[in-house]
Amino acid sequence: MKVLVGITCGFDDERNMYYLRPGYWESVEMAGGIPIILPPVDSPEGINHYLEICDGYILSGGDDIDPFYWGQDPEPGLGKIDPRRDRFEISLVQAIIKRDKPALFICRGIQVLNVALGGTLVQDLCSGIAHRQRAPRHHPFHDILLEKDSVLYRLLCQGTVRVNSFHHQAIAGLAPGLIATARARDGVIEAVEYPAKRFILGVQWHPEAMQDELSSRLFQGLVYAAAKKYN
Ligand code: MN
């Protein structure tokens with residue numbers, strides 16, 4: 001029995017092309033799943049069909065989210081936004097949560113998860129730790145401190161993990177239902193979970209780019225949860 005994992009993607013408007021870095025589908029395949037890319041659809045029928053065919057989901061990294069969704073005007077540090085992707089992913093996240101489907105939310109993904117459930121973001125981070133590394137993508141760049149009572153800790157079995165970092169936005173106010181399960185030393189939230197759901201794990205770093213054994217456990221956790229179809 002193979003597990004189908006739907007992965008959202010970005011859109012490059014200059015080249016007029018969808019894109020997804022290979023680490024996402026390679027990580028899914030290495031964990032025993034079958035990856036499939038989900039381009040944005042606007043209709044509820046389209047989203048429902050994605051929900052029918054996939055066993056698990058990955059919300060992938062990408063550009064900024066329109067602060068319209070948490071009731072703010074754009075600040076000067078806000079980056080590029082893609083209204084179609086925002087619209088699609090926010091609807092997709094709400095459907096995933098409603099139907100309790102297993103999902104892993106990576107970088108932009110953790111931010112979409114939080115916003116879709118009523119949380120807020122910092123538009124342009126400025127804190128004591130650098131979160132935008134200028135180093136190879138796989139390079140572990142800053143530490144995160146894990147909460148012991150968490151899915152993340154059970155997967156990684158370490159209280160401190162050094163991860164890569166490519167974000168300038170971060171969670172400000174946590175959405176109802178979510179809990180923070182890892183933070184950087186500056187307090188920035190680096191992982192969230194939804195304890196009332198089967199497997200909802202958001203990470204602010206890029207495990208698909210780290211190419212190490214620890215990161216592969218996050219994808220294994222997703223595929224394992226997605227293989228257990230109880231609804
Ligand atoms: Mn970071």
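Trainee: What makes the 16 Å radius of gyration of the protein chain agree with a compact globule?

Mentor: The radius is taken over C-alpha atoms, and the globule rule is 2.2 Å times the number of residues to the power 0.38. For 231 residues that rule gives a value near 17 Å, and the chain has 16 Å, so the two agree. Along the principal axes, the C-alpha atoms fill a box of roughly 45 × 40 × 35 Å. Keep in mind that this is a predicted model: local features need pLDDT of at least 70, side-chain atom pairs count only at pLDDT 80 or more, and totals for chains, interfaces and linings use all residues. Numbering runs from 1 along each chain as its sequence is written, and side-chain values use heavy atoms, without hydrogens and water.

Trainee: Why are H131, H142, S165, H167 and E190 called donor residues of the manganese ion?

Mentor: Donors are N, O and S atoms within 2.8 Å of the metal (3.2 Å for Na, K and Ca), and as water is not among the atoms, sites may look incomplete. Here H131 (ND1), H142 (NE2), S165 (OG), H167 (NE2) and E190 (OE) sit at 2.2 to 2.3 Å, so they qualify. H142 belongs to strand β8 (residues 142-146) and H167 to the loop between β9 (160-163) and β10 (170-171), so this pair ties together parts 25 residues apart in sequence. Strands are DSSP runs of E, at least two residues, numbered from the N terminus.

How values were computed: Helix = DSSP H or I, 4+ residues; strand = E, 2+ residues; numbered from the N terminus.
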